[in-house]
Amino acid sequence: MILAIDVGNTNIVIGCIEKDRILFNERVSTNHRATDLEYAIQLKNIFEIHGESMGSIEGAVMSSVVPSITGIFRRAIRKLVHTEPLIVGPGIKTGLKILTDNPAQLGSDLVVDAVAGIHYYKLPLIIIDMGTATTMSVVDKDCSYLGTDIIPGMRTSLDALVSGAAQLPKVYLDRPKRVIGKNSPECMNNGIMLFTASGIDGMIDRIEAELGEKCTVVATGGLAELVTPLCRRDIIFDNDLLLKGLMVLYDKNRERGKEDGK
């Protein structure tokens, strides 16, 4: 059983995988003030809720885009399972050819998404990850990572709107019942949801035009399940994409370790 963790700016994805089967997939809020003990307690509680034993964990793998939390979570894992997690970063085997101007700057979450996409879906591929930012990553048919477009996430956009407009309320995002809003919360919800869906459709069209071919499109992330049904393009929703990618990376690097006699 493998513990898989992705530390994001807003949420931390925590999962457990056994023989390619995801036992659970949970999200907790990213807390920049939490100690390693507090994160360890959260992990322990999640395992207890799902009736899984931490004693069965054979290894751990982690990606993080929050450097200040990476070390803290690493220590939390060691407290609980007494193993050193594999950290996604420079030097690990990915199978990706990264063709960006500075490959070292590519976020580990985007690497993990791309590795999972290559393993599970037909290429070429557009991967949409909807979190603090909405990212659209492109992988061609030769497994080359061509680049990414980054847009403010829906919640990030809404928070900026509310903070800049005194009379607009905070709203809970939900699937719109119609296009034209009739009150402030509905106007804001409909605007951000449908504008995002339309923007995704338009970006897919432009990416495919630049590539000169159709792509498989996969979406993941906290709000993707709400938005993808509003899109007019065919988009596969995969809530477990990050965990799948972490497991693929764990297996790739475990095999390399064996080859190196480690």
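The side chain of Thr94 gets to within 3.1 Å of the backbone nitrogen of Leu96, a polar contact in the sense of N or O atoms within 3.5 Å, where within protein one must be able to donate a hydrogen and the other to accept it, and residues adjacent in sequence count only if both atoms are side-chain atoms. This is a predicted model, in which local features need pLDDT of at least 70, side-chain atom pairs count only at pLDDT 80 or more, and totals for chains, interfaces and linings use all residues. Numbering runs from 1 along each chain as its sequence is written, and side-chain values use heavy atoms, with hydrogens and water left out.

Thr94 sits in the loop between strand E5 (86–87) and strand E6 (97–98); strands (E, at least two residues) and helices (H or I, at least four) are DSSP runs, numbered from the N terminus. At 17% relative accessibility Thr94 is buried, that is, under 20% relative accessible area, with exposed meaning over 50% and partly exposed in between (1.4 Å probe, protein chains only). Setting aside neighbours within four places in sequence, Thr94 touches Val111, Val115, Leu249 and Lys252, contact being heavy atoms within 4.5 Å.

Turning to the strands, E2 (residues 11–18) and E3 (residues 21–29) run antiparallel and are joined by eight bridges; strands pair if DSSP finds at least two bridges between them. Cys16 faces Phe24 across this pairing. Two residues separate E2 and E3 in the hairpin, and Lys19 in the turn has a positive phi of about 50 degrees.

Rings of Phe, Tyr and Trp (its six-membered ring) pair if their centres lie within 6.5 Å, with planes under 30 degrees apart called stacked, over 60 edge-to-face and the rest tilted. Phe24 and Phe47 have ring centres 5.2 Å apart and planes at 90 degrees, so they are edge-to-face. This pair ties strand E3 to helix H1 (residues 36–49), 23 residues apart, and both Phe24 and Phe47 are buried. Tyr39 and Phe73 make a tilted pair, at 4.7 Å centre to centre and 35 degrees between the planes. Here Tyr39 comes from helix H1 and Phe73 from helix H2 (residues 67–81), 34 residues apart.

As for disulfides (cysteine sulfur atoms within 2.5 Å), the count is zero. The cysteine sulfur nearest to Cys143 belongs to Cys215, 14 Å away. Cys231 is buried at 9%, and its sulfur is 15 Å from the closest one, in Cys215, too far for a bond.
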